[in-house]
Amino acid sequence: MLAATCLSTHQSESAISILKQLGDKTGPEAHTILARAYHQTRRWTLSIKSSEAALTTRPNDTDLLYLKADSLRNIEEPQAARKLLEAILKRTPDHWEAKLSLGRILQRMTSPDKAIELFESYLQEAPASHYLAEEARLEYGRALRSIRRHQDAADQFAVLLEREPSNNIYYSELSSTLYR
């Protein structure tokens, strides 16, 4: 399927366009592709809708559950997202995307120690080229800073700056860590 190929090469908009042209002729596999494409383009409510449509035929698919849970997290539904993410990790303990998402929730719910474990696991298991890798390192640095491991946090922000020297967010995070 052409849409799946587009998605695998990070051409989410093309995948969405192709599948939208098919309209009502799309099936569960198309909803799965749409859920991932909408997630990659940060269209959270559409990702939830497509995930739910695909879950009707594959209710235990941990990748679909992850897309729904992470989208819920992004639209500020942390409790519902946390419940789904914990269920995913019970079934599939090595689901690194779920670890990252749950870590982000725990960090904001004042559990940075637990979040750090999840961020470290993600950074060890996920490919360095994964589209969430930089966000994971940024969140990891923030979590380290929140428990006063300032040098470790600064090291994480420095790694990000080496990869993208003109990113103002990374400079700001490093500055607030070093000049506290």
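This is a predicted model: local features need pLDDT of at least 70, side-chain atom pairs count only at pLDDT 80 or more; totals for chains, interfaces and linings use all residues.
**A guided look at helices, core and salt bridges**

Visitor: Thanks! Which residue meets D152 in a salt bridge?

Guide: That is R149, and the two side chains come to 2.9 Å, N to O. R149 also counts as partly exposed, because its relative accessibility is 31%.

Visitor: How many salt bridges does the structure hold?

Guide: There are 13 salt bridges. One of them joins K68 to E52, with the closest N and O atoms 3.2 Å apart. K68 belongs to helix α5 and E52 to helix α4, so this pair ties together parts 16 residues apart in sequence. With a relative accessible area of 38%, E52 is partly exposed.

Visitor: Which residue does E173 meet in a salt bridge, and is E173 buried or exposed?

Guide: The side chain of E173 meets that of R145, at 2.6 Å from N to O. Here helix α11 holds E173 and helix α9 holds R145, so the bridge ties together parts 28 residues apart in sequence. E173 is buried, since its relative accessible area is 11%. Both residues also belong to a network of salt bridges that links R108, E139, R142, R145 and E173.

Visitor: Let's turn to helices. How can I read the two sides of one?

Guide: First, the general idea: an α-helix has 3.6 residues a turn, so residues three or four places apart point the same way. Now take helix α6, residues 78-91. With 14 residues at 1.5 Å a residue, helix α6 should span 20 Å, and its end C-alpha atoms are 20 Å apart, which agrees.

Visitor: Which residues of α6 are buried?

Guide: They are A81, L84, L85, I88 and L89. These residues cover an arc of only 135 degrees around the axis, which puts them on the same side of α6. On the face turned away from that buried side, you will find the exposed residues Q79, K83 and K90.

Visitor: What covers the buried residues of α6?

Guide: The cover includes α5 (62-74) and α7 (96-108).

Visitor: And how should I read a nonpolar core?

Guide: As a general idea, nonpolar side chains in soluble globular proteins tend to be buried together. In this structure the largest nonpolar core has 40 residues, and Y66, L85 and Y122 touch the most other members. Helices that each supply at least two residues of this core include α4 (44-55), α8 (112-125), α9 (133-146) and α10 (150-163).

Visitor: What does Y66 touch, not counting residues up to four places away in sequence?

Guide: Y66 touches R36, H39, L85, I88, H95, E97, A98, S101 and L132.

Visitor: How many aromatic pairs does a search of the whole structure find?

Guide: Such a search finds one aromatic pair. W96 and Y122 form this pair, which is edge-to-face, with 5.8 Å centre to centre and 65 degrees between the planes. The pair links distant parts of the chain: W96 sits in helix α7 and Y122 in helix α8, 26 residues apart.

Definitions and conventions. Residues are numbered from 1 along each chain as its sequence is written. Side-chain values use heavy atoms; hydrogens and water are left out. Helices (H or I, at least four residues) and strands (E, at least two) are DSSP runs, numbered from the N terminus. The expected span of a helix is 1.5 Å times one less than its number of residues. Buried means under 20% relative accessible area, exposed over 50%, partly exposed in between (1.4 Å probe, protein chains only). The arc is that of the directions from the helix axis to the C-beta atoms. Contact means heavy atoms within 4.5 Å. A nonpolar core is a set of buried Ala, Val, Leu, Ile, Met, Phe, Trp, Tyr and Cys residues joined through side-chain atoms within 4.5 Å. Rings of Phe, Tyr and Trp (its six-membered ring) pair if their centres lie within 6.5 Å; planes under 30 degrees apart count as stacked, over 60 as edge-to-face and the rest as tilted. A salt bridge is a side-chain nitrogen of Lys or Arg within 4 Å of a carboxyl oxygen of Asp or Glu.
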